[in-house]
Amino acid sequence: MKFRPLHDRVLVRRLETEEKTAGGIIIPDTAQEKPSEGVIVAVGSGIHKEDGTVAPLELKEGDNVLFGKWGGTEIKFGGEDLLIMKESDILGVIETTAKGKKKK
């Protein structure tokens with residue numbers, strides 16, 4: 001099955017959180033915060049303007065993004081927990097350098 005969000009919505013897969021602290025303490029699932037970082041899985045066609053044209057989204061599949069802690073609607077699709085949210089709910093795209101490290 002495939003899923004394509006409509007209009008200005010995107011489908012996001014949350015990135016996994018660390019299960020241990022830097023000191024080696026294991027954090028139980030119930031105490032872990034849900035990450036606000038994810039990967040775009042699918043994007044909609046774009047925003048419909050008043051004149052009838054469609055403005056494409058800036059995001060694309062595979063973008064690493066940062067979003068608000070309570071952003072989006074959680075869904076289960078294909079046995080996986082995903083989020084659907086509007087492009088405007090995305091705070092920014094996380095870009096990586098050539099070595100694969102996040103830019104600061």
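Strand 1 and strand 7 run antiparallel and are joined by 4 bridges. Strands here are DSSP runs of E at least two residues long, numbered from the N terminus, and two strands pair if DSSP finds at least two bridges between them. Within this pairing, Val12 has Leu83 of strand 7 as its bridge partner. The structure is a predicted model, in which local features need pLDDT of at least 70 and side-chain atom pairs count only at pLDDT 80 or more, while totals for chains, interfaces and linings use all residues. Residues are numbered from 1 along each chain as its sequence is written, and side-chain values use heavy atoms, with hydrogens and water left out.

The chain as a whole can be described next. The chain holds 8 strands and 0 helices, so that reading from the N terminus gives the elements β-β-β-β-β-β-β-β. Of the 104 residues in the chain, 27% are buried; buried means under 20% relative accessible area, exposed means over 50%, and partly exposed lies in between, with a 1.4 Å probe and protein chains only. Contacts, meaning heavy atoms within 4.5 Å, also reach along the sequence: among those between residues at least 6 apart, 59% join residues at least 24 apart.

As a reminder, strands of a sheet pair through backbone hydrogen bonds, either parallel or antiparallel.

The sheet can be followed from strand 1 onward. Strand 1 and strand 2 pair in the antiparallel sense over 5 bridges, and here Val12 stands opposite Ile40 in strand 2. Strand 5 (residues 64-67) is then joined to strand 8 by 4 bridges, the two running antiparallel. In that pairing, Leu66 has Gly92 of strand 8 as its bridge partner.

Is Asn64 buried or partly exposed? Asn64 counts as partly exposed because its relative accessible area is 25%. Leaving aside residues up to four places away in sequence, Asn64 touches Gly38, Val39, Gly92, Val93 and Ile94. Asn64 and Val41 are 23 residues apart along the chain, and their C-alpha atoms are separated by 9.9 Å.

Gly78 lies in the loop between strand 6 and strand 7 and counts as exposed because its relative accessibility is 69%. Gly78 and Lys2 are 76 residues apart in sequence, yet 9.1 Å apart in space, C-alpha to C-alpha. His7 is found in the segment before strand 1. Its phi is near 55°, a positive value in a residue other than glycine, and at 35% relative accessibility His7 counts as partly exposed.

Finally, there is empty space to consider. Rolling a probe the size of a water molecule over the atoms shows where empty space is left. A pocket is an open set of points on a 1 Å grid over the protein atoms alone, where a 1.4 Å probe fits, with protein on both sides within 12 Å along at least five of seven lines; lining residues have an atom within 4 Å of a point. The second largest pocket has a volume of about 210 Å³, the volume being the space filled by probe spheres set on the points, with grid points joined across faces, edges and corners. Which residues lie nearest its centre? Of the 13 residues lining the second largest pocket, these are Lys2, Phe3, Leu11, Val41 and Phe77. Strand 1 (9-14), strand 2 (37-43) and strand 7 (80-86) are the elements that give two or more residues to the lining.
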